[in-house]
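Here is a short briefing on helix packing and chain architecture. Have the structure open while reading.

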Amino acid sequence: MSTRVPLPYTPTVLELFRNPKNMGKMENPDASAQAGSPACGDVISIYLRIAREGDEDVIEEAKFESYGCAANIAAASILTEIVKGKSLRDAWEIGWEDVAERLGGLPPVKRHCSILAVGGLRRAIRHYYEKSRPEWLPEDLTTVEKQALEEEEMIERLYGGMIGRE
Amino acid sequence: MFMPSVSALLKAHGTPPKEVYLDHENSGWVPPEVVEAMLPYFNEKGYGHPSITNKPGWEALEVVESTAETVAATLSVDPSLVHFVHSGTEANNLAILGSMMALKRRGKIIVSDIEHYSVLLPVLSLEDVGFGVVRAPVDEEGFVDVDVIRELVDSETVLVSVQAVNHEIGTVQRLKEIVEIVKDRNPDVIFHTDACDAYGRVPLKAEEIGVDMMTLSSHKILGPKGVGVLWVSEGVRVEPLLKGALSSQPLWPGVENVPSLVGFRKAVELAFQDGLSRVSTLRDRLINGILDRIQDTQLNGPSGEMRAPDNVNISFLHVEGEALTVELSLRGVYVSSGSACTSRVLEPSHVMLAIGKDYEAAHGSLLFKLTRYHSKGDVDYVVDQVVESVGRLREISPLGKG
């Protein structure tokens, strides 16, 4: 049984929703991943263009697609801005709190948007290192990755039989 | 704690050049003539207490009585059985909890699966104290299956509550037929109907339909917020849920909200004088405008005469409804959505799920409610803005791109 709660947004969320940066699919990305599910009303796709600079793999370009609420679109947009020019090692360290902070804060009920964006980024980074994992990349899933996975699995568990796509 | 500034949000939002309000499901715009009728009752007359023996009190009592008479005339019932409370939510709670308190025994309660939360939640709280509760399924257009109702009603059944018109998808139930079947199976059953979305839209002669209790809400017919009605048939006992002093209302203590009653009375007069045929023309213009111009859309609920004349509910696949409400708001079109993203848990509208919509259709649904104050031009503007908004959000969405 759900009850509605007031959902004020910050002006930053509204502005990014109105004019998202780095929006759209990337052709032939070096790494990409999707997080969330249509069933829970949130899907974020992250696309990365990566180049080798010295000892580091650096994100040259990041793009996103989002099926979700205004906060979801804003979170994905700001994340693609934050990671641009960062090494994958540094990008890995970005937490969902960083994204929420850059948005001017998120109401508790919208935190999963930020978690999903960061979860998607980390999934894309893992995808890039599928064949050879650098030492700094933890073997086990981090909390935020688990949370993203939990959201996907929870909805499957709760409503598995009912989810259908057109 | 996250405490964003709503005033900063409003400043960032700005005021769009044209605004069309269609969120009459959740709260209403009130016509100027209704507001005008209310104003003298704050400080010129009728500001007294209807139960006190002085002139301002009698003026207030006159308002309470004439409002009851106005409402009673529209339902073809006795004005003394029209009870005022402070919202439709309160009237539904009073009907369900109050009648069951008066009954002084447990039994089985049957409700349709698509009732408003102000019916479902009090019923579920009765389940916690020993009542049996059955949610009767509906078909894909929201119609209650009368054969299922026939099977469900038994000697243990004490209460049945079925909406006259669904608040989200506009389904006009075959209420008289349902009541007949219920009473035929067990004449002692109390039948309540939440008629908030039916009042002023479909014929509602309470006694002819055969119900025992009926809920109405002022804001759903463009009256002010803060007035609900529970009509209770003669002989049906209801305990007041709130206890207090002095009131002309046996089921609600405290001083009556006289200015709002005046506004409600005016809203009722206007609603019944103007008729709604023009609204159903606008409804079909909006439905067809959207369905013709946007791919991957679904009308939720029935079409034609069995749909409320003011209700439009459409799912837009591959986009999420809350984002659509924000996008449309920036363009001056104010609507609501059945998306989970507007709720506390990851669960979209129970009405959409009950009519068998998948999650994407439920998340991507928008609810528009028209009034006789809207014009063709408003509807055409809304269609244009919806076309552009859905287009933009589908561009952002990874779904539906093959």
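The model is a predicted one.

**Helix pair α12(B) and α15(B)**

- The crossing of α12(B) past α15(B) is right-handed.
- From α12(B), the contact takes in B:Ala323, B:Leu324, B:Glu327 and B:Leu328.
- From α15(B), the contact uses B:Gln385, B:Val386, B:Ser389, B:Val390, B:Arg392 and B:Leu393.
- Sorted by class, the contact of α12(B) with α15(B) holds six nonpolar, two polar and two charged residues.

**Chain B as a whole**

- Chain B contains 15 helices and 13 strands.
- Its radius of gyration is 22 Å, close to the 21 Å given by the globule rule for 402 residues, so chain B is as compact as a globular protein of that length.
- The C-alpha trace of chain B spans about 65 × 55 × 50 Å along its principal axes.
- Buried residues make up 51% of the 402 in chain B.
- Take the contacts in chain B between residues at least 6 apart in sequence: 71% of them join residues at least 24 apart.

**Helix pair α1(A) and α2(A)**

- Two packed helices are described by the angle between their axes and the distance between the axes.
- In chain A, helix α1 (residues 11-18) and helix α2 (residues 70-83) have axes that come within 8 Å.
- Those axes cross at roughly 80 degrees, and α1(A) and α2(A) are therefore roughly perpendicular to each other.
- On the α1(A) side, the contact residues are A:Val13, A:Leu16 and A:Phe17.
- They meet A:Ala70, A:Ala71, A:Ile73, A:Ala74, A:Ser77 and A:Ile78 in α2(A).
- This contact of α1(A) with α2(A) has eight nonpolar residues, one polar residue and no charged ones.

**A:Leu7, before α1 of chain A**

- A:Leu7 sits in the segment before α1 of chain A.
- Is A:Leu7 buried or partly exposed? A:Leu7 is partly exposed, because 18 other C-beta atoms lie within 10 Å, whereas a buried residue has 20 or more.
- A:Leu7 and A:Pro108 are 101 residues apart along the chain, and their C-alpha atoms are separated by 9.8 Å.

Note on methods
Residues numbered from 1 in each chain as written. Chains lettered and ligands numbered in written order. Predicted model: local features only at pLDDT ≥ 70, side-chain atom pairs only at ≥ 80, totals over all residues. Axes fitted to C-alpha atoms, helices over the stretch in contact; angles between N-to-C directions. Helix = DSSP H or I, 4+ residues; strand = E, 2+ residues; numbered from the N terminus. Parallel < 35°, antiparallel > 145°, perpendicular 65-115°, else oblique. Contact = placed C-beta atoms within 7 Å. Nonpolar A, V, L, I, M, F, W, Y, C, P; charged D, E, K, R; others polar. Rg over C-alpha atoms; globule rule 2.2 N^0.38 Å. Buried ≥ 20, exposed ≤ 12 C-beta atoms within 10 Å, placed from the backbone. Left-handed = near helix turned anticlockwise from the far one by under 90°.
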